[in-house]
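Hello,

Here is the structure I promised to pass on. Please open it first, then read my notes below.

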Amino acid sequence: MAINFTDHGGTVIQFVRVQLIFWGKAWTTPPPTPTVAAVTDAINRILSGGYMTGLAQYRNIGQGYILGSTTVTSSNPPNNFTDSQVSNFINGLIGAGTIPNLDAQNQTLYCVFMPKGIIASNSNDIGEH
């Protein structure tokens, strides 16, 4: 059964380039659950699988790819983090040259993964975009 999406005319990323960012020492000691490799594999499956294929009907969105992966152990995310803290974190990584800046076509998506147990300031959220 095909899933249909409704296009409300907003901005879309047609061919997403995903930059994975794993924030915190917990991603490296001892091997966390899930592991960086397991998360990366799951994202690869989403980008190359049926979900993205199904989005083709939504302004010809195509499959994407992982641009890169970075694990940052020089700091840990704060519990009850805010959107501003995550934005500042990403901007700091771009400024330091740790991760690439947005591409000219604005197809880059930065995905920041927090360690298990770290929650957003809005505790009702289990994920944000």
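What follows covers the salt bridges and then some backbone points.

Please keep in mind that this is a predicted model.

Salt bridges

There are two salt bridges in the structure. One joins the side chains of Asp103 and Arg17, at 3.6 Å from N to O. It links distant parts of the chain, 86 residues apart. Asp103 has a relative accessible area of 12%, so it is buried, being under 20%. Arg17 is also under that cut-off, at 18%, and therefore counts as buried.

The other pair is Asp41 with Arg45, whose side chains meet at 2.8 Å, N to O. Both residues lie in helix 1, four residues apart, about one turn of the helix. Asp41 is partly exposed, with 38% relative accessible area. Arg45 is exposed, at 59%.

Backbone

Most residues other than glycine have a negative phi, and most peptide bonds are trans.

- Thr33 to Pro34: the peptide bond is cis, with omega near 0°. Pro34 is in the loop between strand 1 (17-23) and helix 1 (36-48).
- Asn60: phi is positive, about 55°. The residue lies in the loop between helix 2 (50-54) and strand 2 (65-72). Asn60 counts as exposed, at 57% relative accessibility.
- Asn80: phi is positive, near 65°. Its loop runs between strand 2 and helix 3 (83-95). Asn80 is partly exposed, at 44%.

Best regards

Definitions and conventions:
Residues are numbered from 1 along each chain as its sequence is written. This is a predicted model: local features need pLDDT of at least 70, side-chain atom pairs count only at pLDDT 80 or more; totals for chains, interfaces and linings use all residues. Side-chain values use heavy atoms; hydrogens and water are left out. Helices (H or I, at least four residues) and strands (E, at least two) are DSSP runs, numbered from the N terminus. Buried means under 20% relative accessible area, exposed over 50%, partly exposed in between (1.4 Å probe, protein chains only). A salt bridge is a side-chain nitrogen of Lys or Arg within 4 Å of a carboxyl oxygen of Asp or Glu.
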